[in-house]
Amino acid sequence: MIMNDPDDYAVHLQDVSRTYGKGPTEVAALRHVTVGFPRGSFTAVMGPSGSGKSTLLQCASGLDRPQTGSVRIAGRDITRLREKELAELRRDHVGVVFQSFNLVPSLTAAQNTVLPTRLARRRPDPARVRDLLQRVGLAGRERHRPAQLSGGQQQRVAIARALLSRPEVLFADEPTGALDRGTGHEVLALLREAADTYGQTVVMVTHDPEAATYADGVLFLTDGRIVDSLRRPSVDQIAARLGGSR
Amino acid sequence: MMTTLAWSNVRTNPAAYAATFTTILLAVTLVGSSGLLIAGVSDGGELEAVGALVGTSAVISAFVSVFVVSGMLSLHVMRQRRAWGLLRSVGLTPRQVRLLVTVEALVVAAAASAVGCALAVPYAHGVAAVLRRVGFAPTDIPVAITPVPFIVASAVGMVATLAASRIAARKAVRSGPLEVLRDSAAEQRILPWPRALVGTAALAGGVVLLDLASRQTEGGGAMEIILGAVMALCVAASALGTVVVRALGYLLAAPVAWLDPAAGMLARASLATQPRRAASVASPVMLTVALMGTFVFAAATTQTAAGQATMEVGEWIAPALVGSTALYTVISVLNATAMSMSARAQELRLLRSVGIGPAQLTRALVWESLITVAVGALLGTAIAAAGLLTLGRVLTGRLWFDYSAPQYLGLLAVCTAAGLIGALVSTRKARRGPLVG
Ligand SMILES: Nc1ncnc2c1ncn2[C@@H]1O[C@H](COP(=O)(O)OP(=O)(O)OP(=O)(O)O)[C@@H](O)[C@H]1O
Ligand SMILES: [Mg+2]
């Protein structure tokens, strides 16, 4: 599939650079990254710790503004949007699952799940909320607050939240990092289903080669640059590729 | 090692330390200047008459100082609990953490006391000048620089700070590192028994004092007992505050959640899960309304009861003297809101990253502050009304008191403004700044 127009992608980053700090403590977390995520695709982002994966996700999802370059989501250059428009974009078109601190501490699991829907003044569908929480293995935990949930459970609530309103794009930072194999597979199946059944575009950071095999393609990041990519890779291919980059 | 840790705490949390520092500093200034004035009036013959009033205002300022400083410190400790939990989890013993807390409190209190003492002198001169200007004091009150007021003021500052931080830190240190790290934000017990005990005792004391006051035969004597009762009731309401805040907050939040569902739900959830945080903010509001309400309307009640058309100097000067205390409590409303909100930067950024709009976020914070201030104002009004009804009964035999609606509304407006300014200014960066980095 050859795509030349950035608007053919659900998310497209053009020459994006992001540096943190200034002077001697300056860190270039992303260096001139150009990449597109096709609609309905599921992409895994891999690379050593500190290589810029989370930064890539934050820039691509409109949480962070890169110093240079442009980011397009659903055909709109989000680096030019005003705060209010960005908020609407995050609320209605983008779902995010962070590495940590995903939930509002004062809200229950169910309330956290429906938060973006409520913010948009829409009525959440209770049956769907229950179904989603059940599929991420949190049946019976609806009324628990984040402090009463484990780290992995909190992240699964965030996954349910990101899936609930079927946003066009879904970003997940190591969503299976804290999960056992069984629960991890269930979460990956949900992400796969989001792409296959609902045409959502999924971008997932992971360190786990097995999790990456659920994706259509894998991007490898080193030192803020995309150094390689694989399509429909096997565990062995990924492991070999990761071994080589170290 | 300890100093490095203490310093890094201060550096990562400058706003919290600044708020605590100003609170203690102002307390010491207030108590110190009252002390200087007492020393000034006690040796001048014709000033003797002023002495009682200056004395009363000194007692009130000391009470308010201890009350506000301890409230502030408990907010401060709530903020620091995570940091201490982390230190515990990397191997600091409870003893070491306690030492760290004590040293930190000592340093902040010592610095604040020194500056506060220095400011007490010009402040006492200022108050003396005002008293003379309004014709209350026949001559200038001489502000003699004697050591006792400074010693007392510093002692109040240091002891209140140390005691409050140790008591507040005790629980944080005792609970295991994991419990704290798991964000004990989920406050399990909202009314631990020592608090319940203190609250009940103070409540009983307040009621007994009111009863005693109602049996006095003249207004002056009754008023002093009533002031004692009002202070006792403030302590009671503050100790039992979490329960009251939760119940009242829930009631007040219901219509808000109906009017503005998303923002209202956030405000309501925050009040329901963090009643202690809300109580710490409601508490200075309650104090301001209770004290100022009692003072201002006691003067009006006395006047009306005596059938006077014009105010006599001695009656309206009382509020003027208490004015600095009122200013202090209003500043503490601002400080407390700022402190409790600034701890929530991470939560506000999370809300933004899941799509809360700028106006929606501001509304959620405004609702929460308004409800908290309203709870404090309701409690304060109830306490002031109890005191004033007792006074009215002593003066006229009827359960009655005189008040002025504009003045009362003005008082509420000042508290509300302080709460809103504190909440919005302290969250400005989290509301508008970058989400990352
Ligand atoms: N807020 C920040 N301030 C300063 N430097 C930062 C900040 N966030 C990230 N960095 C730096 O940018 C680089 C990339 O960080 P990033 O979080 O994107 O890495 P990552 O690939 O997600 O790592 P991990 O797998 O450990 O999560 C790192 O060197 C990191 O130290
Ligand atoms: Mg990361």
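**Labels and the values behind them**

Me: Why is Gln99(A) called partly exposed?
Reply: Its relative accessibility is 45%. Buried means under 20% relative accessible area, exposed over 50%, and partly exposed in between (1.4 Å probe, protein chains only). So 45% puts Gln99(A) in the partly exposed class.

Me: What conventions apply here?
Reply: This is a predicted model, in which local features need pLDDT of at least 70, side-chain atom pairs count only at pLDDT 80 or more, and totals for chains, interfaces and linings use all residues. Residues are numbered from 1 along each chain as its sequence is written, chains are lettered from A and ligands numbered from 1 in the order in which they are written, and side-chain values use heavy atoms, without hydrogens and water.

Me: What makes Gln99(A) a ligand of the magnesium ion (ligand 2)?
Reply: Its OE1 atom coordinates the ion, as does OG of Ser54(A), at 2.0 to 2.5 Å. Donors are N, O and S atoms within 2.8 Å of the metal (3.2 Å for Na, K and Ca); water is not among the atoms, so sites may look incomplete. Both atoms therefore qualify as donors.

Me: Where do Ser54(A) and Gln99(A) lie in the chain?
Reply: They are 45 residues apart. Ser54(A) is in helix H1, and Gln99(A) is in the loop between strand E6 (94-97) and helix H3 (109-119) of chain A. Helices (H or I, at least four residues) and strands (E, at least two) are DSSP runs, numbered from the N terminus.

Me: What makes helix H1 of chain A largely enclosed?
Reply: Seven of its eight residues (53-60) are buried, so the rest of the structure largely encloses it. Among them are Lys53(A), Leu56(A) and Cys59(A). Ser54(A) is partly exposed, at 21%.

Me: Why is Arg352(B) with Glu83(A) called a salt bridge?
Reply: The closest N and O atoms are 3.3 Å apart. A salt bridge is a side-chain nitrogen of Lys or Arg within 4 Å of a carboxyl oxygen of Asp or Glu. The pair therefore meets the rule. Across the interface of chain B and chain A, the rule finds one salt bridge.

Me: Which helices of chain B supply at least two residues each to the side that touches chain A?
Reply: Helix H10 (261-273), helix H13 (345-353) and helix H14 (358-396). The contact (heavy atoms within 4.5 Å) takes 25 residues from chain B and 30 residues from chain A.

Me: How do you know that Arg344(B) is buried?
Reply: Its relative accessibility is 5%, so it counts as buried. Arg344(B) lies in the loop between helix H12 (313-342) and H13 of chain B. Leaving out residues up to four places away in sequence, Arg344(B) touches Ser270(B), Arg277(B) and Glu368(B).

Me: What makes Glu347(B) a salt-bridge partner of Arg344(B)?
Reply: Their closest N and O atoms are 3.5 Å apart. Glu347(B) is buried too, at 10%.

Me: Why are Arg241(A) and Asp228(A) in separate accessibility classes?
Reply: Arg241(A) has 19% relative accessibility, so it counts as buried. Asp228(A) has 27%, so it is partly exposed. The two form a salt bridge, with the closest N and O atoms 2.4 Å apart. The pair joins helix H8 (residues 235-245) to strand E10 (residues 225-231) of chain A.
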